[in-house]
Amino acid sequence: MNQSLHNLLSTLSYDPRKDTLFLAGDLLAKSSEAGSLAILDFLSQRQQGVCHPDIEPRRPAKALVARARKDHQCRGVYAVRGNHDQMIVQWRAWRDWFEPLQLTFPSANVIPNRLSVPAFPSVTATGSATYDAGPPIGTGSQFLSLIESEWLRDRTTDPAGSGADPEEWVDLARKRAVGTWRAEWWKRIPQPGHGRTKKDWIMFGDHYWIARDMKREHAQFLFSLPLVIHVPSEHFFLVHGGLLPSDPRRPSDDTRQPLGHPPALDDIADDATDDDDYDYPLLKVDASQAVLHRRRSGSNNITDDDIDDLRAVQERSVLRDVPHNRDPWAVLNMRGVRKSGKVTRRSDVGKPWSKIWNQQMKRCNGFLHALSSADADDGDDEDEDDRVVEGHISRFRYTESKGKQEDDEDIPLPCYPSTVVYGHAASRDLDVRRWTVGLDTGCLYGRRLTSLVLQRAHPHSAGPTRTAPSDDDEDEDESSEEEEDELDEYVADGPLGSVNARFAHAAGGSVVSRTRKPKSWTRPIKFGDKHSDLDAKLVSVKCPKAGDFAGP
């Protein structure tokens, strides 16, 4: 993965002094440990403003310009945490707590941090009737060194037995330690989770070794990564797994939904409340500062800047008021949503969250006139159950619903669309819809590594007009049923290989149609508001074949 990342940046003529790099998570544990550590080294240096070593662009003229700018500080790197990154973070945070621990046992010996394995029987040996735990060890660091050495020894001497499966080896070691001093240490080592966390805390897996061997600055880089990056100026989110535009347990036009009512200052003035019906702990979100600083009190003149501010409020409400978006596991792992409203990491279960997002974004019909009408109706009966707000474009229906009802997908919503850029869904390959951009093209499996490039088309222009959403982003932005049927027939011998071509579509449902598999390709896509001054394109490079990741 490290080499593929550098190939992609070279193809892009990436200049760290003028280009800002965003990452959608999970570049680690995707190849060899050396490759993962090399990526961490590169990213942590970029985050600290260190621009060396340079990525040499493929165009010589660009390379000359890059060398001429060596004295300038490079731009930072912005990344979100992925589910694999989270597993590494968990192990490293635990090691930082465990290694300094001291336990007192009778006749505890001081043993060096990196010790040779004592001559007591192997954990996998079955001929001995008793288990010799060896001399007691007094610190967590020493105990980890001991069991790591034992595991590596057994993996070498018994590769077809317990040494072939770290989970089986650890389970057996725990059982044999019962009644000995070792049991006290094993009590403090996490066990694999259950249910949706069953992939967490796998000892001696890839995540464990990366967490052990990475430098302190690498750990600080990973610890600093947020779950979501929100770019309000361009109205898009960057996330690894996914986001939901509304709580799927309620109708989307329920007034408790962030898109179910026009935004107001009160939407950001209060702290988010816990949802007692949600099954998992939620992140706390503090009340943000008022962003409506440009809106004049008592004025009926709502400008484009006011609309941008209101959109930022509503987008923040999506992160705050939808409980799934404050559930770290959901944000890192979601691929679909079940009928019950619970998210799932499985690609073949439930409805893809990206489809839900696009369906609701297509219903956004603006809130300018809804706001004006709502202000004029302040004296109306607030107990009215079914309040109707008239706008010049459409009618918004507001309902206070106590239970989940079927959504009426023809009802417009008082909102403006926003875009989500994400990774994580390699089984769907390149999945680009009007308001979501899925970039995971399966580099780990020998397919491709793909980037989204955003550039200002007219840096000196006055900017787009955003007082009303575009109304021509209709069915052309997503595949029709007929197009989806055609994609299903795009069989395994096509340019996407054995990838599920139903999901490999971009910019209006068109498959990346090429008669051969090039080393790199580029194609423009629609991104953001219709009149945005951003030009967007996808750039993709070929990755090594699966299993060919021996080097960094």
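Predicted model: local features only at pLDDT ≥ 70, side-chain atom pairs only at ≥ 80, totals over all residues.
A bit of overview. The chain has 552 residues, and 53% of them count as buried. Now take the contacts in the chain with a separation of 6 or more: residues 24 or more positions apart account for 72% of those.

Let's go to the disulfides. How many does the structure hold? Two. As a reminder, a disulfide is a covalent bond between the sulfur atoms of two cysteines. If you count the bonded cysteines along the chain, the pattern is 1-2, 3-4.

One of them joins C364 and C415, with the sulfur atoms 2.0 Å apart. The link is left-handed, with -100° about the S-S bond. So what does it tie together? C364 sits in the loop between α13 and α14, and C415 in the loop between β9 and β10, so the bond connects parts that are 51 residues apart in sequence. Are these two cysteines buried or exposed? Both C364 and C415 are buried.

The other disulfide is C443 with C543, and here too the sulfur atoms are 2.0 Å apart. C443 lies in the loop between β12 and β13, while C543 is in the segment after β15, so this pair holds together parts 100 residues apart in sequence. The torsion about the S-S bond of C443 and C543 is about -110°, so this one is left-handed. C443 is buried, and C543 is buried as well.

Three strands make it up, in the order β6-β5-β7; it's open, and the pairing is antiparallel. At the edges you have β6, residues 343–344, and β7, residues 351–352, each pairing on one side only. Zoom in on β5, residues 336–337, and you'll find two bridges joining it to β6. For G336, the bridge partner in β6 is T344.

Now for the inside of the protein. The largest nonpolar core has 54 residues, and the ones touching the most other members are F143, I147, W186, M203, F204 and L222. There's also a second, separate core of 27 residues, which includes V239, V318, V337 and I356.

Leaving aside residues up to four places away in sequence, I147 touches W169, R182, W186, I189, M203 and F204.

F204 deserves a stop of its own. Where is it found? F204 is in the loop between α7 and α8. Its phi is positive, about 65°, although F204 is not a glycine. And with the buried cut-off at under 20% relative accessible area, F204 at 5% is buried.

D429 is another one with a positive phi, about 55°, and D429 is not a glycine either. You'll find D429 in the loop between β10 and β11. At 6% relative accessibility, D429 counts as buried.

Last stop: helix α6, residues 166–177. At 1.5 Å a residue, its 12 residues should span 16 Å, and the end C-alpha atoms are 16 Å apart, so that agrees. Which residues of α6 are buried? P166, W169, V170, A173, R174 and A177. They cover an arc of only 135° around the axis, so they're on the same side of α6. Here's the background for that: an α-helix has 3.6 residues a turn, so residues three or four places apart point the same way. And what do the buried residues of α6 pack against? They pack against α5, residues 140–157, and α7, residues 182–186.

Is R174 buried or exposed? At 15% relative accessibility, R174 counts as buried. R174 touches W186, I189, P190 and Q191, again not counting residues up to four places away in sequence. As for W185, R174 is 11 residues from it in sequence and 9.7 Å from it in space, C-alpha to C-alpha.

Definitions and conventions
Residues numbered from 1 in each chain as written. Heavy atoms only, no water. Disulfide = S-S within 2.5 Å. Helix = DSSP H or I, 4+ residues; strand = E, 2+ residues; numbered from the N terminus. Buried < 20%, exposed > 50% of the residue type's maximum accessible area, 1.4 Å probe, protein only. Pairing = 2+ DSSP bridges. Core = buried A, V, L, I, M, F, W, Y, C linked by side-chain atoms within 4.5 Å. Contact = heavy atoms within 4.5 Å. Expected span 1.5 Å × (residues − 1). Arc of directions from axis to C-beta.
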